[in-house]
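The points are grouped by topic after the display.

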Amino acid sequence: MTELFDIVDEAGQPTGKVISRDEAHQKGTLHRTAHVWLVKEKPEGYDILLQKRSEEKDSFPGMYDTSSAGHIPAGDEPLPSALRELKEELGLTASPEELKFAGTFRIQYEKEFHGRLFRDNEVTRVYVYDKPVNIQDLTLQKNEVSEVRWFDLDEVWDEIHRSRERFCVPTTGLKVLREYLRCDVK
């Protein structure tokens, strides 16, 4: 089944036109995604849950990424999409009230994966889930996620500014999270 996305304007509003997932990433057409960060407060800051992307993913295979993220299908809205991705990827059922809106950011890049050019151009809505989560209780979507781990937020922030060997977490997305959590954003 072909995935269809709404083509959106710079504010993330649908234009009334749709495009297939493959065509959106071939052409770099602007579309929407929703990201959910699972956070755990601790005395000295926050831990964030990151998912390790499956080796079969069409972009950034085998790298650690946002807790849960996905495209927003044509005709769908960001919050229901975020809730659905959380359930599909991690087996976590959340209510709409449990996802706190943190902000939006843009993703735009071109990079080759599996010998093919991938163009990404997204307006992303960011949500935060701060209820207790035991990773042993999660049910991972194996074709999307190979594992999950808690990482110290500040350590991830520092590392992504030095190296991109382990993490494909979008810097601007992590900045939105840090601002929401009122961390010192450099």
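This is a predicted model: local features need pLDDT of at least 70, side-chain atom pairs count only at pLDDT 80 or more; totals for chains, interfaces and linings use all residues.

Glutamate 112 is exposed, with a relative accessible area of 55%, and its place is in strand β7. In sequence, 53 residues separate glutamate 112 from serine 59, and the two C-alpha atoms are 8.2 Å apart in space. Strand β7, which spans residues 100-113, also gives the most to the lining of the largest pocket, with 5 residues.

**The largest pocket**

- The volume of the largest pocket is about 860 Å³.
- Its lining consists of 43 residues, and those nearest the centre are Arg53, Ser59, Ala69, His71 and Glu122.
- Sorted by class, the lining holds 16 charged, 14 nonpolar and 13 polar residues.

**Aromatic pairs**

- The structure contains 8 aromatic pairs.
- One of the pairs joins tyrosine 64 and phenylalanine 151 in an edge-to-face arrangement, with 5.0 Å from centre to centre and 70° between the planes.
- Tyrosine 64 belongs to strand β5 (residues 64-65) and phenylalanine 151 to strand β9, so this pair ties together parts that are 87 residues apart in sequence.
- Both partners are buried: tyrosine 64 has a relative accessible area of 7%, and phenylalanine 151 has one of 6%.
- Phe60, Tyr109, Phe113 and Phe118 are linked into a cluster by ring pairs.

**Residues with positive phi**

- Phenylalanine 60, a member of the ring cluster, is found in the loop between β4 (45-53) and β5.
- Although phenylalanine 60 is not a glycine, its phi is positive, at about 50°.
- With a relative accessible area of 18%, phenylalanine 60 counts as buried because the value falls under the 20% cut-off.
- Arginine 182 is likewise a residue other than glycine with a positive phi, in this case near 60°.
- Arginine 182 lies in the segment after α4 (171-180), and its relative accessibility of 74% makes it exposed.
- Glycine 91, which follows α2, has a positive phi near 70°.

**Helix α2**

- Helix α2 covers residues 78-90, which makes 13 residues.
- From the first C-alpha to the last, α2 reaches 18 Å, close to the 18 Å expected at 1.5 Å a residue.
- The buried residues of α2 are Pro78, Ser81, Ala82, Leu83, Glu85, Leu86, Glu89 and Leu90.
- An α-helix has 3.6 residues a turn, so residues three or four places apart point the same way.
- The cover over the buried residues of α2 includes strands β3 (31-42), β4, β6 (68-71), β8 and β9.

**Helix α4**

- In α4, Gly173, Leu174, Val176, Leu177 and Arg178 are buried.
- Among the elements that cover these buried residues are β3, β4, β7 and β8, together with helix α3 (153-162).
- Arginine 182, with its positive phi of about 60°, comes just after α4.

**Histidine 35**

- Histidine 35 lies in strand β3.
- At 6% relative accessibility, histidine 35 counts as buried.
- Leaving aside residues up to four places away in sequence, histidine 35 touches Thr66, Ser68, Ala69, Phe105, Ile107, Thr124, Arg125, Val126, Tyr127 and Pro170.
- One of these contacts, Ala69, is also among the residues that lie nearest the centre of the largest pocket.

**Leucine 140**

- Leucine 140 has its place in the loop between β8 (116-129) and β9 (145-152).
- Not counting residues up to four places away in sequence, leucine 140 touches Glu89, Leu90, Val145, Ser146, Glu147 and Val148.
- Two of these contacts, Glu89 and Leu90, are among the buried residues of α2.
- Leucine 140 and cysteine 183 are 43 residues apart in sequence, and their C-alpha atoms are 29 Å apart in space.

Notes. Residues are numbered from 1 along each chain as its sequence is written. Side-chain values use heavy atoms; hydrogens and water are left out. Helices (H or I, at least four residues) and strands (E, at least two) are DSSP runs, numbered from the N terminus. Contact means heavy atoms within 4.5 Å. Rings of Phe, Tyr and Trp (its six-membered ring) pair if their centres lie within 6.5 Å; planes under 30 degrees apart count as stacked, over 60 as edge-to-face and the rest as tilted. Buried means under 20% relative accessible area, exposed over 50%, partly exposed in between (1.4 Å probe, protein chains only). The expected span of a helix is 1.5 Å times one less than its number of residues. On a 1 Å grid over the protein atoms alone, a cavity is a set of points where a 1.4 Å probe fits but cannot get out, and a pocket is an open set with protein on both sides within 12 Å along at least five of seven lines; lining residues have an atom within 4 Å of a point. Grid points are joined across faces, edges and corners, and a volume is the space filled by probe spheres set on the points. Ala, Val, Leu, Ile, Met, Phe, Trp, Tyr, Cys and Pro count as nonpolar, Asp, Glu, Lys and Arg as charged, and the others, Gly among them, as polar.
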